[in-house]
Amino acid sequence: MTCAEQKLLQTNGCFPQTAEGVAEKRDIQKDSFAWYCDNWIIANSIRLKSSSSARYKADMENHIKPFFGERMLSEITPEDVDSFTRLLLCQKKLSAKTARNILVLFHTIFLYAEKRSGQQLSRL
């Protein structure tokens, strides 16, 4: 088992992988935002501390994936991001700092997804 695989297991990030190291989850459609979230955490797990990885995974599972998970990249609009921001601040009543951290993570994953998909969608 490689160092990266051990770190992934320590942070409960145990996803089946293909030969290319891409997550394969039967309930997640390939190229959906949730698919890119799972692959981003796999790709970055080696450089992240276990506490950071756990925080990012929690933010993805609790906030980002429920809102954006099933959508394809091209379906995500600036209005969706505004709605997501309002959801975090007004409905979930998260602090501004916590909401900002989640939005920064969302943006980071979006840029990763954009780069990996070859799409030019940086309108957010």
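What share of the contacts in the protein chain between residues at least 6 apart in sequence join residues at least 24 apart? The share is 57%, where contact means heavy atoms within 4.5 Å. The model is predicted, so local features need pLDDT of at least 70 and side-chain atom pairs count only at pLDDT 80 or more, while totals for chains, interfaces and linings use all residues. Residues are numbered from 1 along each chain as its sequence is written, and side-chain values use heavy atoms, with hydrogens and water left out.

The protein chain has five helices and zero strands, and its pattern along the sequence reads α-α-α-α-α. Helices (H or I, at least four residues) and strands (E, at least two) are DSSP runs, numbered from the N terminus. Of the 124 residues in the protein chain, 39% are buried. Buried means under 20% relative accessible area, exposed over 50%, and partly exposed in between, using a 1.4 Å probe and protein chains only.

Helix packing comes next. Two packed helices are described by the angle between their axes and the distance between the axes. Axes here are lines fitted to C-alpha atoms, for helices over the stretch in contact, and angles run from 0 to 180 degrees between N-to-C directions. The axes of α3 and α4 come within 11 Å and cross at roughly 145°, and this crossing is right-handed. A crossing is right-handed if the near helix is turned clockwise from the far one by less than a right angle, and left-handed if anticlockwise. In α3, His63, Ile64, Phe67 and Phe68 meet Asp80, Val81, Ser83, Phe84, Leu87 and Leu88 of α4. By class, this contact has seven nonpolar, two polar and one charged residues. Ala, Val, Leu, Ile, Met, Phe, Trp, Tyr, Cys and Pro count as nonpolar, Asp, Glu, Lys and Arg as charged, and the others, Gly among them, as polar.

On to the next pair: α4 and helix α5 (residues 96-117) pack at about 145°, with their axes 9 Å apart. The crossing of α4 and α5 is right-handed. Here Val81, Phe84, Thr85, Leu88 and Leu89 of α4 meet Ala96, Ala99, Ile102, Leu103 and Phe106 of α5. The contact has nine nonpolar, one polar and no charged residues.

Asp80 lies in helix α4 (residues 78-91) and counts as buried because its relative accessibility is 16%. A polar atom of the Asp80 side chain lies 3.0 Å from the backbone nitrogen of Thr77. Leaving out residues up to four places away in sequence, Asp80 touches Phe67, Phe68, Arg71 and Glu75.

The largest nonpolar core holds 25 residues, of which Phe33, Trp40, Met60, Ile64, Phe68 and Phe106 touch the most other members. The elements that give two or more residues to this core are α2 (33-44), α3 (50-68), α4 and α5, and α5 gives the most, with eight residues. A nonpolar core is a set of buried Ala, Val, Leu, Ile, Met, Phe, Trp, Tyr and Cys residues joined through side-chain atoms within 4.5 Å.

Phe110 lies in helix α5 and is buried, with a relative accessible area of 1%. The C-alpha atoms of Phe110 and Trp40 are 9.6 Å apart, although 70 residues separate them along the chain. Ile41, found in helix α2, counts as buried at 2% relative accessibility. Between the C-alpha atoms of Ile41 and Ile109, 68 residues apart along the chain, the separation is 9.0 Å.

Key:
A polar contact is a pair of N or O atoms within 3.5 Å; within protein, one must be able to donate a hydrogen and the other to accept it, and residues adjacent in sequence count only if both atoms are side-chain atoms.
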